[in-house]
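Open the model in your viewer and keep the sequence panel at hand. Each stop below names what to select and then says what is there.

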Amino acid sequence: METKQVTSFVLRFQLTDIEMDSGRKYWRVKVTHVQEEKEAVFDSLESAMKFIKEIVGES
């Protein structure tokens, strides 16, 4: 029988700024890896996804 691995994350997005001219939004992303109770904060979704990929071994 094949063993299945489950890895869970909680992502929390906090709006930090909005450019008045363009309307562009800036977000702070807090990622919690549930199994390890490890947290990290990022200024971009791309950085947060890199962290997640490192945890699951996809980087």
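Select Phe13 to begin: in this predicted model, Phe13 is partly exposed, because its relative accessible area of 42% lies between the limits of 20% and 50%. A search of the whole structure finds 2 aromatic pairs, and Phe13 with Trp27 is an edge-to-face one, with 6.5 Å from centre to centre and 85° between the planes. This pair links distant parts of the chain: Phe13 belongs to strand β1 and Trp27 to strand β2, 14 residues apart.

Now show the other aromatic pair. Select Phe42 and Phe51: the ring centres are 5.4 Å apart and the planes stand at 45°, so this pair is tilted. Are these two residues buried or exposed? Phe42 is buried, with a relative accessible area of 15%, and Phe51 counts as buried too, at 11%.

Keep Phe42 selected and display what surrounds it. Leaving out residues up to four places away in sequence, Phe42 touches Trp27, Arg28, Val29, Val31, Ser47, Ala48 and Phe51. Trp27 in that list is also the partner of Phe13 in the edge-to-face pair.

Next, select the largest nonpolar core. Which residues make up this core? There are 7 in all: Val29, Val31, Ala40, Phe42, Ala48, Phe51 and Ile52. Both members of the tilted pair, Phe42 and Phe51, are therefore part of this core. Colour the selection by element of secondary structure: β2, β3 and α1 (45-56) each supply at least two residues. The helix α1 gives the most, with 3 residues. As a general rule, nonpolar side chains in soluble globular proteins tend to be buried together.

Switch to a cartoon view for the sheet. It is an open sheet of 3 strands in the order β1-β2-β3, and the pairing is antiparallel. The edge strands are β1 (9-18) and β3 (38-42), each of which pairs on one side only. From one strand to the next, the twist averages 15°.

Zoom in on β2 (residues 25-33) and β3. These strands pair in the antiparallel sense over 5 bridges. Val31 and Ala40 are both listed in the largest nonpolar core.

Stay in strand β2 and select Thr32. Thr32 is buried, because its relative accessible area of 17% is under 20%. What does the side chain of Thr32 make a polar contact with? The partner is the side chain of Glu39, at 3.4 Å. Setting aside neighbours within four places in sequence, Thr32 is in contact with Ser8, Phe9, Val10, Lys38 and Glu39.

The last stop is Glu37, in the loop between β2 and β3. Glu37 is exposed, because its relative accessible area of 69% is over 50%. Check the backbone here as well: phi of Glu37 is near 55°, a positive value in a residue other than glycine.

Conventions: Residues are numbered from 1 along each chain as its sequence is written. This is a predicted model: local features need pLDDT of at least 70, side-chain atom pairs count only at pLDDT 80 or more; totals for chains, interfaces and linings use all residues. Side-chain values use heavy atoms; hydrogens and water are left out. Two strands pair if DSSP finds at least two bridges between them. Helices (H or I, at least four residues) and strands (E, at least two) are DSSP runs, numbered from the N terminus. Axes are lines fitted to C-alpha atoms, for helices over the stretch in contact, and angles run from 0 to 180 degrees between N-to-C directions. Buried means under 20% relative accessible area, exposed over 50%, partly exposed in between (1.4 Å probe, protein chains only). A polar contact is a pair of N or O atoms within 3.5 Å; within protein, one must be able to donate a hydrogen and the other to accept it, and residues adjacent in sequence count only if both atoms are side-chain atoms. Contact means heavy atoms within 4.5 Å. Rings of Phe, Tyr and Trp (its six-membered ring) pair if their centres lie within 6.5 Å; planes under 30 degrees apart count as stacked, over 60 as edge-to-face and the rest as tilted. A nonpolar core is a set of buried Ala, Val, Leu, Ile, Met, Phe, Trp, Tyr and Cys residues joined through side-chain atoms within 4.5 Å.
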